[in-house]
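Biologist: I would like to learn how to read a protein model. Can we go through one together, feature by feature?
Modeller: Gladly. Here it is.

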Amino acid sequence: MTNLNIRTEQPEDIEKVAELLYLAFGDREDESVLVRNIRVSAGFIPELSVVAELNGDIIGHILPEQSRGHKRRGTA
C-alpha cells in the first residue's frame, strides 16, 4: 500500500528537496539555488512551500513566489 502525503516543507526536508531538484532538472543546481534564494527573500511564505512524500520519500515540491507587479511601457 502506498502512502502519499502532501505537507508543508520542514527544515529537515531542505537537503532532500535540493537533491530532488538537482535530479529532476538534469543534474544541475540552478533550480536548487533559485529555491534557496526564494527561501531567504522577503517574499517567501513558508506555509506555501509544500512537499509530496510517498512512503517517506520526497517526490515533489512546489514553492510559489510572491511576484511584484510590473508596469508595461507606455502605461501609467
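Biologist: Let me start with one residue. Does isoleucine 59 count as buried, partly exposed or exposed, and why?

Modeller: First, a caution: this is a predicted model. Now your residue. Buried means under 20% relative accessible area, and exposed means over 50%. Isoleucine 59 has 47% relative accessibility, so it counts as partly exposed. Isoleucine 59 is in strand β3, which covers residues 57-62.

Biologist: Where does leucine 4 lie?

Modeller: Leucine 4 is in strand β1, residues 4-8. Leucine 4 counts as exposed, because its relative accessibility is 53%.

Biologist: Which residues does leucine 4 touch, leaving out those up to four places away in sequence?

Modeller: Three of them: Glu53, Leu54 and Ile59. Leucine 4 and glycine 56 are 52 residues apart in sequence. In space, their C-alpha atoms are 8.5 Å apart.

Biologist: Let me step back to the whole chain. How many helices and strands does the protein chain have?

Modeller: There are two helices and three strands. Read from the N terminus, the order is β-α-α-β-β.

Biologist: What share of the residues counts as buried?

Modeller: The chain has 76 residues, and 25% of them count as buried. The accessible surface is about 6,100 Å². Carbon and sulfur atoms account for 53% of that surface.

Biologist: Which residues in α1 and α2 meet?

Modeller: From α1 come Ile14, Val17, Ala18, Leu21 and Tyr22. From α2 come Glu31, Ser32, Val35 and Arg39. Sorted by class, this contact has six nonpolar residues, one polar and two charged.

Biologist: And valine 33: where does it lie?

Modeller: Valine 33 lies in helix α2. Its relative accessible area is 30%, so valine 33 is partly exposed. Compare valine 33 with tyrosine 22: they are 11 residues apart in sequence, and their C-alpha atoms are 9.8 Å apart.

Biologist: Next, charges. What should I look for?

Modeller: Side chains of opposite charge can pair when their charged atoms come close. The structure holds four such salt bridges. Start with aspartate 13 and arginine 7, whose closest N and O atoms are 2.7 Å apart.

Biologist: Are aspartate 13 and arginine 7 buried or exposed?

Modeller: Both are buried. Arg7 and Asp13 also belong to a network of salt bridges with Glu53.

Biologist: Which residue forms a salt bridge with arginine 39?

Modeller: Glutamate 9 does, with the closest N and O atoms 2.6 Å apart. Arginine 39 is in helix α2 and glutamate 9 is in the loop between β1 and α1, so the pair ties together parts that are 30 residues apart in sequence. Arginine 39 and glutamate 9 are both buried.

Biologist: What about arginine 28 and glutamate 31?

Modeller: Their side chains meet in a salt bridge, 2.6 Å from N to O. Arginine 28 is partly exposed, because its relative accessibility is 39%. Glutamate 31 has a relative accessible area of 14%, so it is buried.

Biologist: Where is asparagine 55, and what is its phi?

Modeller: Asparagine 55 is in the loop between β2 (50-54) and β3. Its phi is near 50 degrees, again positive in a residue other than glycine. Asparagine 55 counts as partly exposed, because its relative accessibility is 46%.

Conventions: Residues numbered from 1 in each chain as written. Predicted model: local features only at pLDDT ≥ 70, side-chain atom pairs only at ≥ 80, totals over all residues. Heavy atoms only, no water. Helix = DSSP H or I, 4+ residues; strand = E, 2+ residues; numbered from the N terminus. Buried < 20%, exposed > 50% of the residue type's maximum accessible area, 1.4 Å probe, protein only. Contact = heavy atoms within 4.5 Å. Nonpolar A, V, L, I, M, F, W, Y, C, P; charged D, E, K, R; others polar. Areas by Shrake-Rupley, 256 points an atom, 1.4 Å probe, with all protein chains shown as cover.
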